[in-house]
Structure formats: C-alpha cells, structure tokens
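Welcome, and thanks for taking a look at this one.

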Amino acid sequence: MSRKPYQPSMPANWWLKHPAYRFYMLREATVLPLLFFIGSLLYGLYCLSQGEASWLGWLNWMQQPWVMALNALALLASLFHAFTFFRLFPQVMPLRLGGRTLPASWMVAGQWLGVLLVFLALWWLLGGYHGSN
Amino acid sequence: MKQPDSIPSDKQHLSMTVQRYRPEQDDAPVWQSYQVPYDDSTSVLDALHWIKEQQDSSLAYRWSCRMAICGSCGVMVDGTPKLGCKTFLRDYPKGLKVAALANFPIEKDLIVDMNQFLHHLTALKPYLIGQPSSASEPNRQSPEQVKRYQQFANCINCGLCYSACPQFGLNPEFLGPAAIALAHRYNLDSRDQGKAERQPALNSKNGVWSCTFVGFCSTVCPKGVDPAAAINQGKIVSTMDGVIQWFSPKQLDTTPQEPTS
C-alpha cells in the first residue's frame, strides 16, 4: 500500500495562533521601543558634540509628549524583558552551592534585588546632583 | 478497573471535534465532530476509544500504556500538544478540538510520522559511550552525580516538545528539544565519555544555536524534563567547546614546525 503523508506548513502568522507564541513574540518585540530609546540617546550624544544650542534643542526634543510616551514605553518594555529574562536565567545557568542547586526563586529575587540596588544608586547620584544646586 | 467501552451513555456529553485525514480520500485534513459521554475520569484517550468502538471504527490514533509512560498518544488539544491519556474532558466543558501533533507529517487521522525526530535522536548518540564493559565491576555513581542528569533522563520520546517548537516547524533539520535534552543528559553523566562525538552536531547550525528560547517545549513536557533548559545550558557547553578548540593541539599542529636538526 502506498503512503500519502500530509505535510503541514507553518503559516506566516503562526505566532498569533497560541498564547505561548504571542507571549514569546511580545518578549522579542520589546527591542522595538528600546531601539527608539537608543536612537534618542545617540542623537543626544551627537547634539552634545555640536555645541550648547544643539544640546538645548535635543533637551526640548526629548520633552515632546510623543517622545516621552515612546521612551516611557521603552522603560516598560525593558522592565517586561527583564521580568522574562530573570525567569529564564535559572534554567540556563543553575547555580550549585555545596552539591545543591539554588532554588530558582532565590535567583529571580536576587536579580530583582540587583535592579533595586542599581535604581537606588542612580537615585542617590541624581539626587546628589540636584541637592548641590 | 473501568474499561473505555463501559462509559454509560446516560452521562453528560460534550462535543469533541477530531481532525481526520484519510489519505485514500482526503487531500488535506478535515474536522469531524462527535458527541462524547464523559465523567470526571474520562481522558481524551478514553473518548477516542469510545468513538472508535461506538461511533466510527475507521478513526486511527496511537496509544499503548494509558499512564503517561509510553509516550504514544500525543495529540494537539485545542492547539496545545498533550498526552491523550493525561488530558481530561472535565477540563474542557465547552468541548475540545483534537488534532494530530503539529510539525510532523500526518500519516492518517491522529497518527504522525515521527521519523525526523527519531533521526535527530539517533544522530546525537543518546547512550553511554566509552564505558568499559566489565561484568565483575559495578559502575559506581554517587547520588549527587545522578542528580546532575536525572531530570533530563525522564524523557519518554513522546514528541510533544517538537510540536510545541516553532523553530522545528520552520526548519525540520533543527535537532530539536528532546534529542538535544537527551544529548545533554549523557554529556552530564559521569560514566559517559562521548561528549566529543556529540558536540559537532550540537555546535552546528541545526544544533543548540537554532533555539531562540521560546520555552514552550518545557511548558508542554508531560514529564518535567525542561528541554529548553538543556538546550540553553548546551549553548554554554558549545561556547566553551569552541573556545577550547581554538587552543587545541590540532590547531597548533597546523603551524609551521621549527626544524629539529
């Protein structure tokens, strides 16, 4: 008897077909607003090299509502990406101490603690700047 | 013990829509609905048995153990890869759609051709290599050494992870979750010395680097193997292997030798 296997194909919109794939694509799409944020920063560096007027122009540009909205979105996107990344980290690099694997929840908590410390350090640095004025 | 054909028909029913593909008459799969009686203990596999015995003897599907150890009865339930014996109708009160495992060619109805997966599995040599066989000496292994690979040894080759993996769907040459997880399992085994034989395939384009950590393979695994962890730990192993190769004597041998006389 001859065979006639049916060969399934992946449609271009396969990533819309299941919540797990949509979550994955959302995670990957966080790069898009972050690209805008990086672009803004590079534009700022360029303006800084062009003199004071150019720098003040960049500061004004950054304060436009749509730019602030996109950069706020970039912040949310990076926090969401961090959330997914921190959760995957214990799977990729399980830490072993004294023959025992560290619980994944500890590693996730440790990473968020790191974020908090960096945030507090920045807060202190920027607060110090404003305080001296 | 309750047998599938003993499901009384006075029980509550739900609609189970099953994907059919009859190669002698169909060019593509079609859907067929059945009203299936169920109670709290009716699994998808029980319901398939009931359909085959009571309604449609032409329905084709695979099964064997009914207790999530043989890995035969994998199907898509509402688009998610599941074992038919481990999935219960009580969790789908509004009805459910049962299809053949995604990403594999369909032979008939719910039966797929898993040769691609088995081919990949064989290529990665999932067995102990370099183990001196000695009947008089037991091969000792400490509980800690067993723990390192035990989780990845629970794979039952059901193929659900391949159906969950879009990278395998897009590129069937990708060695895929279960095969790489088993390669990792043997690479982690203190009794094994076959890593050098497995690593070229794992390092290749269709090895660990084809994985983008969608992670759905680990979600659907019915045995908690976590193949996504194995593959991504394998990326670290592959990187280390690459670094070691740069400094390997084989590379140094190609440099011109100083005359000894």
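**Briefing: a two-chain predicted model**

In chain B, 41% of the 261 residues are buried. For chain A the share of buried residues is 3%, out of 133. Please keep in mind that this is a predicted model.

**Chain A: fold and dimensions**

- Chain A contains five helices and two strands, and their order along the sequence is α-α-α-α-β-β-α.
- The radius of gyration of chain A is 23 Å, whereas a compact globule of 133 residues would come out near 14 Å.
- A:P11 sits in the segment before helix 1 of chain A, and it counts as exposed because it has 9 C-beta neighbours inside 10 Å.
- From A:P11 to A:L125 there are 114 residues in sequence, and their C-alpha atoms are 51 Å apart in space.

**Chain A: confidence**

- The average pLDDT of chain A is 92, and 95% of its residues score at least 70.
- Among the elements of chain A, helix 1 has the highest mean pLDDT, at 97, while strand 2 (residues 100-101) has the lowest, at 80.

**Where the two chains meet**

- Contacts between the chains involve 17 residues of chain A and 25 residues of chain B.
- On the chain A side, helix 1 (19-29) and helix 4 (65-92) each supply at least two of the residues that touch chain B.
- Sorted by class, that side of chain A has 10 nonpolar, four polar and three charged residues.

**Chain B: overall layout**

- Chain B has 10 helices and seven strands.
- Of the contacts in chain B between residues at least 6 apart in sequence, 68% join residues at least 24 apart.
- Chain B is divided into domain 1 (4-112) and domain 2 (115-246).

**Chain B: how its domains touch**

- The C-alpha centres of domain 1 and domain 2 of chain B lie 30 Å apart.
- Domain 1 of chain B puts 13 residues into the contact, and domain 2 of chain B puts in 13 residues.
- On the side of domain 1 that touches domain 2, the elements giving two or more residues are strand 3 (74-77) and strand 4 (80-83) of chain B.
- Strand 4 of chain B gives the most to that side of domain 1, with three residues.
- By class, the side of domain 1 of chain B that touches domain 2 has eight nonpolar, four polar and one charged residues.

**Chain B: helix 9**

- Helix 9 (residues 227-246) of chain B is made of 20 residues and reaches 28 Å from its first C-alpha to its last, close to the 28 Å expected at 1.5 Å a residue.
- The buried residues in helix 9 of chain B include B:P227, B:A228, B:A229 and B:A230, and B:I231, B:N232, B:Q233 and B:G234 are buried as well.
- Which elements cover these buried residues of helix 9 of chain B? Helix 4 of chain A is among them, together with helix 4 (160-164), helix 6 (177-187), helix 7 (195-203) and helix 8 (216-220) of chain B.

**Chain B: two asparagines with positive phi**

- B:N103 is not a glycine, yet its phi is positive, near 75 degrees.
- B:N103 belongs to the loop between strand 5 (96-99) and strand 6 (106-108) of chain B.
- Is B:N103 buried or exposed? B:N103 counts as buried because it has 24 C-beta neighbours inside 10 Å.
- B:N157 has a positive phi too, of about 55 degrees, although it is not a glycine.
- B:N157 is located in the loop between helix 3 (143-150) and helix 4 of chain B.
- With 18 C-beta neighbours inside 10 Å, B:N157 therefore counts as partly exposed.

Notes:
Residues are numbered from 1 along each chain as its sequence is written. Chains are lettered from A and ligands numbered from 1 in the order in which they are written. This is a predicted model: local features need pLDDT of at least 70, side-chain atom pairs count only at pLDDT 80 or more; totals for chains, interfaces and linings use all residues. Two residues are in contact if their C-beta atoms, placed from the backbone, lie within 7 Å. Helices (H or I, at least four residues) and strands (E, at least two) are DSSP runs, numbered from the N terminus. Ala, Val, Leu, Ile, Met, Phe, Trp, Tyr, Cys and Pro count as nonpolar, Asp, Glu, Lys and Arg as charged, and the others, Gly among them, as polar. The radius of gyration is taken over C-alpha atoms; the globule rule is 2.2 Å times the number of residues to the power 0.38. A residue is buried if 20 or more other C-beta atoms lie within 10 Å of its own, exposed if 12 or fewer, and partly exposed in between; C-beta atoms are placed from the backbone. pLDDT is the predictor's confidence in each residue, from 0 to 100. The expected span of a helix is 1.5 Å times one less than its number of residues. Domain bounds come from an automatic or database domain assignment.
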